[in-house]
Every structure is written in C-alpha cells, then in structure tokens.
Amino acid sequence: MKKNNLLIGILYMLSGAICLIIALMFDTKLDSLLFGFAGAFIAPGIVIVNKYFYWTSPKNRNRYAERLENENIELHDERKEKLRDKSGRYAYLLGLAVTSFFIVLFSILGNLEVITNYELIIFYLGGYLVFQYMVGVVIFRHLNNKY
C-alpha cells in the first residue's frame, strides 16, 4: 500500500480531532454538526490507517499484490468500462429528468398553496438543472477533444 494512504488516514483523524476539540471547547449552534464531522473523519481515518498496516505487514504483502492485480484487471476490462460509461450516462439523464419533474411538481404544489416559498425551491432546482446540463456538455467536449 502506498504511503499516501497512511498520510490520508492520519489527516482524516487530525481533521476529526480538530472538529472534536472545537466542539468541546466552544459552545456554538454548530456543536452537533462538529461532533458529526468528528465522527465522520475519525472513524474512516482509523480504518484507513488499520488497512495500511494490515496490508503492509510482511505476511499479507503477497495477498495484497494479487488483490491489486485483480483490481487492475477488473478496472481495465473493456466490457465493464462500457457498462460504467453507459450507467453514468443513464444516471445523468435520469438526474435531468427527475430534476425537471420536481420543478414542475413544486410549481404545481406552490400554485395550489400546498407549500410556501416554492419560488426559492424552483430557483435552486432550475439552477441545479442548468449547472448539471452545462457540466455534462463541458465534460463531453473536454473528453471529445482529449481522445
């Protein structure tokens, strides 16, 4: 395993410790959020550091090399690459459709006075829809020019 993984694990734990210290030292409205961030950083940090020491131990190095080789084979399998590309495309199109549907739904619910402040929700959803579409176009053009 790379040393970078150990560094990332340590940085996660440090970030969690900083959030925990701030939450314990100061009485703010963000305490619950800081405690959540502390747990969300410390737990994965511990897992990453443990995995690093487990896989770099001399008795597990051969198993780790085999595991890396199998992962590389799986990642570079042409059929799976095409399936990942197609699933990403379908998820992108479904996201556009669902966002459009919710814009219409919130417009109807707002006009029927079922919900209030619906204009703000529609504004955010519309902005997200435009952002998602534009990012899709930009990424496609970038990849098209790259390959």
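## The largest pocket

In this predicted model, the largest pocket is lined by D85, K86, G88, R89, Y92, Y133, V135, G136, V137, I139, F140 and L143, and its volume comes to about 350 Å³. Two helices, α4 (78-111) and α5 (118-146), each supply at least two residues of this lining, and the largest share, seven residues, comes from α5.

By class, the lining of the largest pocket divides into seven nonpolar, two polar and three charged residues. Among the residues that line this pocket are the charged D85, K86 and R89, while G88 and G136 also belong to the lining and count as polar under the classification used here.

## The α4 and α5 pair

The two helices that contribute to the largest pocket also pack against one another, with an angle of about 165° between them and their axes 9 Å apart. Because angles over 145 degrees count as roughly antiparallel, that angle makes α4 roughly antiparallel to α5. The crossing of α4 and α5 is left-handed.

## The loop between α4 and α5

Which residues of this loop have a positive phi although they are not glycines? One of them is E113, found in the loop between α4 and α5, where its phi is about 60°; another is N117, which lies in the loop between α4 and α5 as well and has a phi near 55°.

Are these residues buried or exposed? E113 has a relative accessible area of 71% and is therefore exposed, since the cut-off for that class is over 50%. N117, with a relative accessible area of 57%, is likewise exposed.

## The second largest pocket

About 260 Å³ of space lies in the second largest pocket, whose lining is formed by M1, K2, N4, N5, V47, K51, W55, Y64, R67, L68 and E71. Three helices, α1, α2 and α3 (61-75), each supply at least two residues of this lining, and the largest share, four residues, comes from α3.

The lining of the second largest pocket contains five nonpolar, two polar and four charged residues.

## The α1 and α2 pair

Helix α1 (residues 3-25) and helix α2 (residues 31-56), which both take part in lining the second largest pocket, pack at an angle of about 155°, with their axes 7 Å apart. This angle makes α1 roughly antiparallel to α2, because the class begins over 145 degrees. In passing α2, helix α1 makes a left-handed crossing.

What is the make-up of the contact of α1 with α2 by residue class? The residues of this contact divide into 23 nonpolar, five polar and two charged.

V49 and L112 are 63 residues apart along the chain, and their C-alpha atoms are separated by 54 Å in the model.

Methods: Residues are numbered from 1 along each chain as its sequence is written. This is a predicted model: local features need pLDDT of at least 70, side-chain atom pairs count only at pLDDT 80 or more; totals for chains, interfaces and linings use all residues. Side-chain values use heavy atoms; hydrogens and water are left out. Axes are lines fitted to C-alpha atoms, for helices over the stretch in contact, and angles run from 0 to 180 degrees between N-to-C directions. Angles under 35 degrees count as roughly parallel, over 145 as roughly antiparallel, 65 to 115 as roughly perpendicular and the rest as oblique. A crossing is left-handed if the near helix is turned anticlockwise from the far one by less than a right angle, and right-handed if clockwise. On a 1 Å grid over the protein atoms alone, a cavity is a set of points where a 1.4 Å probe fits but cannot get out, and a pocket is an open set with protein on both sides within 12 Å along at least five of seven lines; lining residues have an atom within 4 Å of a point. Grid points are joined across faces, edges and corners, and a volume is the space filled by probe spheres set on the points. Buried means under 20% relative accessible area, exposed over 50%, partly exposed in between (1.4 Å probe, protein chains only).
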